[in-house]
Amino acid sequence: MMSVALYPIEILPTAGQITIVTEAFSEVRRIYMNVPQQPMGDVPPGYYGRSVGKWDGDTLVVDTIGIKSTVPAYQNMPHSEQMRIKEKIYFATNEILRDEITIEDPVVLEKPWTFTISYKRIANYQMLEYICEGNRYYVDENGQQKMLPSGALN
């Protein structure tokens, strides 16, 4: 979910959980805070798996397991149900949020794979409804909502 960086995300911290909502498809991810991760075999496979997190200073450290092998991973990378995703989410600057992602999968990968995704803060942005069918709206690099010209989606 975090790799859909073309679309805005909203991060909502509440007691015991951090909720991340993406504008694209109104996806929701829950990171349960300060609880132990369950054993890999005890987590029923799901689309987003089970994410648990804790703070290490100003960095949110997240561990995710239980993602179904049929769910596409980053850049459609194949994976098994033994995949584990570790993240370090932090502000590199006041305007830039970084998510350093490490994917481990002993069935598919020879060694862990790490990459970083960055998000730019858009002040006073309000999330838009994104419906794939007939959606012609997008947000430009200045955070302004625009509409694609007729026929641009054909």
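How many bridges join β4 to β5, and do the two strands run parallel or antiparallel? Seven bridges join them, and the strands run antiparallel. The model described here is predicted. The protein has 10 strands and zero helices, so its pattern along the sequence is β-β-β-β-β-β-β-β-β-β.

**Overall figures**
- Of the 154 residues in the protein, 34% are buried.
- The protein exposes about 9900 Å², and 50% of this area comes from carbon and sulfur atoms.
- Taking contacts between residues at least 6 apart in sequence, 31% join residues at least 24 apart.

**Strand β4 and its partners**
- Strand β4 covers residues 50-56 and pairs with β3 in the parallel sense, over three bridges.
- In this pairing, Ile31 stands opposite Ser51 in β4.
- On the β5 side, Arg50 stands opposite Ile65 in β5.
- β4 and β5 form a hairpin, with two residues between the strands.
- Gly57 lies in the turn of this hairpin and has a positive phi of about 70°.

**The largest nonpolar core**
- This core has 21 residues, and the members that touch the most others are Ile31, Leu60, Met83 and Ile103.
- At least two core residues come from each of β2 (17-22), β3 (28-33), β5 (59-65), β6 (84-91), β7 (96-104) and β8 (113-120).
- Leaving aside neighbours within four places in sequence, Ile103 is in contact with Tyr74, Met77, Met83, Arg84, Ile85, Leu109, Pro112, Trp113 and Phe115.

**Aromatic pairs**
- The whole structure contains two aromatic pairs.
- Tyr47 and Tyr48 form an edge-to-face pair, with 5.1 Å centre to centre and 90° between the planes.
- Tyr48 has a relative accessible area of 23%, which means that it is partly exposed, since buried requires under 20%.
- Trp113 and Phe115 form a tilted pair, at 5.0 Å centre to centre with 45° between the planes.
- Which of these two residues is buried, and which is partly exposed? Phe115 counts as buried because its relative accessibility is 12%, under the 20% limit, whereas Trp113, at 30%, counts as partly exposed.

Note on methods. Residues numbered from 1 in each chain as written. Predicted model: local features only at pLDDT ≥ 70, side-chain atom pairs only at ≥ 80, totals over all residues. Heavy atoms only, no water. Core = buried A, V, L, I, M, F, W, Y, C linked by side-chain atoms within 4.5 Å. Buried < 20%, exposed > 50% of the residue type's maximum accessible area, 1.4 Å probe, protein only. Helix = DSSP H or I, 4+ residues; strand = E, 2+ residues; numbered from the N terminus. Contact = heavy atoms within 4.5 Å. Pairing = 2+ DSSP bridges. Areas by Shrake-Rupley, 256 points an atom, 1.4 Å probe, with all protein chains shown as cover. Phe/Tyr/Trp six-rings, centres within 6.5 Å; stacked < 30°, edge-to-face > 60°.
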